[in-house]
Amino acid sequence: MRSFLIAASLLFVAGLSFSTVTTAKPVANAANTPARQFARVVTDASVPVGWAGFCSAQPAECATGEKSDEFVAINQERWGQLQQVNSLVNHEIQGVGDNDHYGIYKLGIINWWTYPDDGAGNCNDYVILKKKLLIEAGWSRSALLLTVVLDKNNEGHLVLMARTSDGDLILDNLTDTVKPWEGAGYTFIKRQSADNPNNWVRLESGRTPEQLAMISKVLASHSQ
C-alpha cells in the first residue's frame, strides 16, 4: 500500500541522513537563553476540534504517559534533524484541503486531522507526521508541540513548535526553513501543553484587545 511505502521511505531517508551527521556541537543551555526566544503561556485554552477528532480515531496516538524532557539540547545533529524532517515531509506530501480530500462537510465534520498516509494532506497532517518522525528519531514528545497560529491573512494555520535549548523553533509546511518562533511571521494563539498533549494552553499574542476580538472571530469561523 502507498501509505506504508511513504512512511517507510520517509523514515529510511531520514534515518540515513541522521546517521551521516557525526559532529555534534552543543550550544547554549535553555536557562541561559533570553526569555524572548520562548513563547509565553498565558492561560489554559480549548482543545481544537481537529485534535479531538484525531484522538477519537486514533486513541493510542494520544495516550498520556510520564512527561519527557520539555526542552531538547540543540546541537548540530539535532538541528540537522529538524531541517531534514521539515523538508522531507514538505516535499513528500501533496497539499490538499480536508473537504477536497475527504469530503468532510458531507459527513458533518468541519476539521479533520490525520496522518497523510495516502501522500496528501493539509497543514495539520504535515505537522502530525513531522512530530511522529522526530519522536522516532529520539526527540522528546514533550518538546514537540502542535501549535495554532494565524497567518498574515488572519487565516488559521497549524505548525510544529520544537522546544530547544536555543529557543522555540517552528517547522512549517509553507517553508523549508526552520525559524525561531518570533521570526515566523505569525500570530501565535495556542499550543499543546508539554505536561499533557491533550491539554492546550493559550500563548501571548502581542495583539491589542481589538485585534484579539478579531482573532476570536476568525478562530470560531475556522473551528481551531
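This is a predicted model: local features need pLDDT of at least 70, side-chain atom pairs count only at pLDDT 80 or more; totals for chains, interfaces and linings use all residues.
Local features need pLDDT of at least 70, side-chain atom pairs count only at pLDDT 80 or more, and totals for chains, interfaces and linings use all residues. Residues are numbered from 1 along each chain as its sequence is written, and side-chain values use heavy atoms, leaving out hydrogens and water.

Start with helix α2, residues 49-57. Helices are DSSP runs of H or I, at least four residues, and strands are runs of E, at least two, numbered from the N terminus. The buried residues of α2 are G50, W51, G53, F54 and C55. Buried means under 20% relative accessible area, with a 1.4 Å probe and protein chains only. Their cover includes helix α5 (123-136) and the strands β4 (144-150), β8 (187-192) and β9 (200-203).

Now turn to α5 and its partner α3. Two packed helices are described by the angle between their axes and the distance between the axes. Helix α3 (residues 76-92) packs with α5 at about 140 degrees, and their axes are 10 Å apart. Axes are lines fitted to C-alpha atoms over the stretch in contact, and angles run from 0 to 180 degrees between N-to-C directions. The angle makes α3 oblique to α5; oblique covers what is left after under 35 degrees (roughly parallel), over 145 (roughly antiparallel) and 65 to 115 (roughly perpendicular).

Which residues meet? From α3 come Q81, L82, V85, N86, V89 and N90; from α5 come Y126, L129, K130, L133 and L134.

Helix α5 also holds N124. N124 is buried, at 2% relative accessible area. Leaving aside neighbours within four places in sequence, N124 is in contact (heavy atoms within 4.5 Å) with D98, N111, W112, W113 and L158.

Terms used
Buried means under 20% relative accessible area, exposed over 50%, partly exposed in between (1.4 Å probe, protein chains only).
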